[in-house]
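Work through the exercises below with the structure open beside you. Try each task before reading its solution.

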Amino acid sequence: MRPRVCCMAAAFCLMTIPAAAQVVLSEADALARLSTESPRVRAIRASIDIAKADVMASARWPNPRVTYDRESVAGISEGMVMVMQPLPITGRRGLEVHAAEAMLDAVGQRVGDDLRRARADLRLAYVALQAAQARERELTRARDHLQEFAGIVQRREAAGDAAGFDRLRAEREVLDLEADRVAAAVDRARAQASLAAFFSGPIDPSTIVVADAMAPPAPLPPVDALVEHAQTMRGELLALNREIEAARFQARAADRRLIPEPEVLGGTKSSSAGRGDVGGVFTVQATIPIFDRAKAEHALALARGAQAQARADTFRLTLASQIAALRAAAQERRAAADRYRTSAVLSADQIERIAQVSYDNGERGILELLDAYRSAASARLRSTLLDAAARESEIELEFVSGWEIP
């Protein structure tokens, strides 16, 4: 009796300790926390700044070069001060700028896809936490229900109306459910940590709680509409098209290398002979493309364009099949979850009630009653997992098609 009193006192003390403030999040709230200040978002967007630097590098003019030359022979010295300026007037610089800008657009399109991938991953983490919470809650409910039943059996045993085996078997079932509940609590803590990793501000993962109810599924658009939308919205395909355009500019810029770009030199020349007169110096020079005819640059541009075109064609070919497969999977999982919920879960509740009445009337044994309890709890857990699997398929379909289904 004394140990039981001590346990009750300890439980009361724990109940009086104020729990940490919970942060209840809807899916929209969780997505709103994936702000531009999030480290994950900043890491994704950093590639745009790198591409902008490439545009700046291609658009810069060459710096002038200053030369001072002094010669002295037989007591006569001469000095020259010259400034040399390359003149990029062949149009090659403008084509290289256009190529760099096209690559910047390609990077921006891929960043958009990466941000959508981050949003999809956050939503998957949200669904995982949603399912983990439901699993822990169902196991807790089943444990408490069975623990209450074990207490009733214990009182019946004391009164001589139940066997000791029934009490021991019920208590053993309670221990098994408690072990499953602890494992579910660990899974829930991991899911909380995974979701908290998407947020920028400091937050205690253990305080995160997501909405229990999943949103009712919306009708899925047809495959043709999803494919058409993906071809106009998927950042990877748009980026490949911009890479093809950039390769064309690079090939044209390589062709312009065959046109000599002049370098103009101007300055003054002074001499100590005579009255030390000062005169002007003017020179125009250019590199003649005899040996280096930019064949390597031209071939590299063509190869990059061909590679981007092949990847774009492959992407288009696989896109329709991916969307069709993901849409079919989402439909099948939705239907499976609905069928299981309307049949197995409802029948499990009925089986549990029938088994309880039969046990109370002495028509069935403890093992049959415990089997009914396990069956009902398992049905509710499986229903939660089926709903989560259907939601995960929908999220993947939305990412691949570029269509966030309301």
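A cavity is a set of grid points where a 1.4 Å probe fits but cannot get out, and a residue lines it if one of its atoms is within 4 Å of a point. The model used here is predicted.

**Exercise 1. The largest cavity**

Task: How much space lies in the largest cavity, and which residues lie nearest its centre?

Solution. 
1. Two cavities of 30 Å³ or more are present in the structure.
2. The largest cavity holds about 90 Å³ of space.
3. Its lining consists of 13 residues, and those nearest the centre are A142, L177, Y373, R374 and A377.
4. Two or more lining residues come from each of α4 (92-159), α5 (164-196) and α9 (366-401).
5. The most is given by α9, with six residues.
6. Sorted by class, the lining has seven nonpolar residues, one polar residue and five charged residues.

**Exercise 2. The second largest cavity**

Task: Which residues line the second largest cavity, and into which classes do they divide?

Solution. 
1. The space in the second largest cavity is about 50 Å³.
2. Its lining is made up of R116, R119, A120, R123, I395, E398, F399 and E404.
3. At least two of the lining residues come from α4, and at least two from α9.
4. The largest share belongs to α4, which supplies four residues.
5. In this lining, three residues are nonpolar, none is polar and five are charged.

**Exercise 3. The largest pocket**

Task: What is the volume of the largest pocket, and which element supplies the largest share of its lining?

Solution. 
1. The volume of the largest pocket is about 1,000 Å³.
2. Its lining has 41 residues, with R92, E96, A253, R257 and E297 closest to the centre.
3. At least two lining residues are supplied by each of α3 (39-59), α4, α7 (235-256) and α8 (295-360).
4. The largest share is that of α4, with eight residues.
5. The lining divides into 24 nonpolar, three polar and 14 charged residues.

**Exercise 4. The length of α9**

Task: What span should α9 have at 1.5 Å a residue, and how far apart are its end C-alpha atoms?

Solution. 
1. The helix α9 has 36 residues.
2. The expected span is 1.5 Å times one less than the number of residues, so α9 should span 52 Å.
3. Just after α9 comes G402, whose phi is positive, about 70°.

**Exercise 5. α4 against α9**

Task: Are α4 and α9 roughly parallel or roughly antiparallel?

Solution. 
1. Two packed helices are described by the angle between their axes and the distance between the axes.
2. The axes of α4 and α9 cross at roughly 170° and come within 10 Å.
3. Angles over 145 degrees count as roughly antiparallel, so α4 is roughly antiparallel to α9.
4. The contact between α4 and α9 contains 18 nonpolar, two polar and 12 charged residues.

**Exercise 6. A strand pair**

Task: How many bridges join β2 to β3, and how many residues lie between the two strands?

Solution. 
1. Strand β2 covers residues 65-73 and strand β3 covers residues 76-86.
2. The two strands run antiparallel and are joined by nine bridges.
3. Opposite D69 stands M80 in β3.
4. Together β2 and β3 form a hairpin, with two residues between them.
5. In the turn, A74 has a positive phi of about 55°.

Definitions and conventions
Residues are numbered from 1 along each chain as its sequence is written. This is a predicted model: local features need pLDDT of at least 70, side-chain atom pairs count only at pLDDT 80 or more; totals for chains, interfaces and linings use all residues. Side-chain values use heavy atoms; hydrogens and water are left out. On a 1 Å grid over the protein atoms alone, a cavity is a set of points where a 1.4 Å probe fits but cannot get out, and a pocket is an open set with protein on both sides within 12 Å along at least five of seven lines; lining residues have an atom within 4 Å of a point. Grid points are joined across faces, edges and corners, and a volume is the space filled by probe spheres set on the points. Ala, Val, Leu, Ile, Met, Phe, Trp, Tyr, Cys and Pro count as nonpolar, Asp, Glu, Lys and Arg as charged, and the others, Gly among them, as polar. Two strands pair if DSSP finds at least two bridges between them. Axes are lines fitted to C-alpha atoms, for helices over the stretch in contact, and angles run from 0 to 180 degrees between N-to-C directions. Angles under 35 degrees count as roughly parallel, over 145 as roughly antiparallel, 65 to 115 as roughly perpendicular and the rest as oblique.
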